Amino acid sequence: MAYSPQDGLVVVNDLLKKFPIRGGIFGKEVASVQAVQGVSFAIKRGETLGLVGESGCGKSTLGRCVLRLIEPTSGSVHFDGRDVLKMGAEELRLIRRKMQIIFQDPFASLNPRMTVGSIISEPIKIHGLAKGADITRRVLKLLDLCGLRAEAINRYPHEFSGGQRQRICIARALAVEPEFIVCDEPVSALDVSIQAQIINLLQDLQAELKLTYLFIAHDLKVVEHISNRVAVMYLGKMVELASSDHLYATPKHPYTQALFSAIPVADPKGHRQRIILQGDVPSPIAVPSGCSFHPRCPIAKEKCKTDVPQLEEKAPGHFASCWYT
């Protein structure tokens with residue numbers, strides 16, 4: 001399934017990322033880790049696309065490839081109609097203003113030797129967005145926008161809680177006035193009560209600043225709450241894509257059905273039929289032939305072992321890559 005550069009603010013086609021494994025005396029490539037395998041999607045302006053899947057399925061690698069923090073092996077990434085992968089160094093530096101990222105671990109992504117004011121003002125200075133006292137005014141406005149007090153400007157990251165540090169990371173991402181933000185598991189390292197505050201903050205900022213998100217997470221309920229559409233990844237491939245309401249109500253792919261069956265039910269008298277998958281996730285070094293999910297799939301047949309299913313529209317706006325759903 002191919003998308004036109006005009007189909008959204010961010011348009012990705014056949015994105016592939018392989019990490020070479022080298023061995024021997026001369027360091028020749030003996031194998032490769034297939035982290036992302038031919039993924040395509042489009043995110044409309046102002047939309048939130050959720051991305052879910054098991055650990056190691058390639059979610060974070062995909063997000064970094066979209067921003068060119070990791071160089072993709074092949075494929076294309078268009079931002080506002082422009083091919084990001086064909087940009088030179090200077091053009092890429094300018095476009096980075098519009099494409100930012102919020103990392104999973106707020107403490108590891110902040111320089112412990114810099115004050116909060118220095119951390120947030122650094123991208124403002126690099127891109128020449130303000131000078132002198134205007135920089136300080138801009139930093140104070142960002143702190144207020146993200147729910148932090150003005151005195152935080154002269155403090156260091158270790159003086160804040162995890163939730164406050166994530167607010168600092170959000171303020172830093174907003175410092176250059178981006179249009180698109182990759183949220184790479186931004187709440188997974190936080191307490192549940194703090195998670196809700198950060199999610200609400202991200203939604204408020206999206207409404208106020210007209211932001212577009214790629215929201216990567218493990219928590220399926222969080223993704224359902226914040227996303228307009230949700231994509232499911234398995235072993236580097238996108239296996240299902242639909243609106244949040246449709247996907248959670250009627251998942252089509254057997255992997256998605258098993259994933260969603262693990263969501264706890266709030267009603268103590270209610271229960272959900274749990275689908276237990278057999279075996280472990282195959283190694284991305286040796287991806288199974290045919291449908292990569294077939295060794296664990298409860299409905300797999302001979303065709304699944306040899307033929308690779310493509311994303312097909314099973315219902316209006318609901319795509320899945322399975323031969324038998």
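Y248 and F260 are both buried in this predicted model. The briefing below covers the aromatic ring pairs and the charged groups placed over rings. In total, four aromatic pairs are counted.

**Edge-to-face pair**

- Y234 and F293 make an edge-to-face aromatic pair, with 5.1 Å from centre to centre and 85° between the planes.

**Stacked pair**

- The ring centres of Y248 and F260 lie 4.4 Å apart and their planes meet at 15°, so this pair is stacked; the cut-off for stacking is under 30 degrees.
- Y248 sits in helix α8 (residues 244-249) and F260 in helix α9, twelve residues apart, and the pair thus links distant parts of the chain.

**Aromatic cluster**

- Y234 and F293 also belong, together with Y255, to one aromatic cluster.

**Charges over rings**

- The charged end of K303 is positioned over the ring of W323, at 3.9 Å from the centre of that ring.
- R155 is placed over the face of F160, with 4.4 Å to the ring centre.

Terms used:
Residues numbered from 1 in each chain as written. Predicted model: local features only at pLDDT ≥ 70, side-chain atom pairs only at ≥ 80, totals over all residues. Heavy atoms only, no water. Phe/Tyr/Trp six-rings, centres within 6.5 Å; stacked < 30°, edge-to-face > 60°. Helix = DSSP H or I, 4+ residues; strand = E, 2+ residues; numbered from the N terminus. Buried < 20%, exposed > 50% of the residue type's maximum accessible area, 1.4 Å probe, protein only. Lys NZ or Arg CZ within 6 Å of the ring centre and 35° of its normal.
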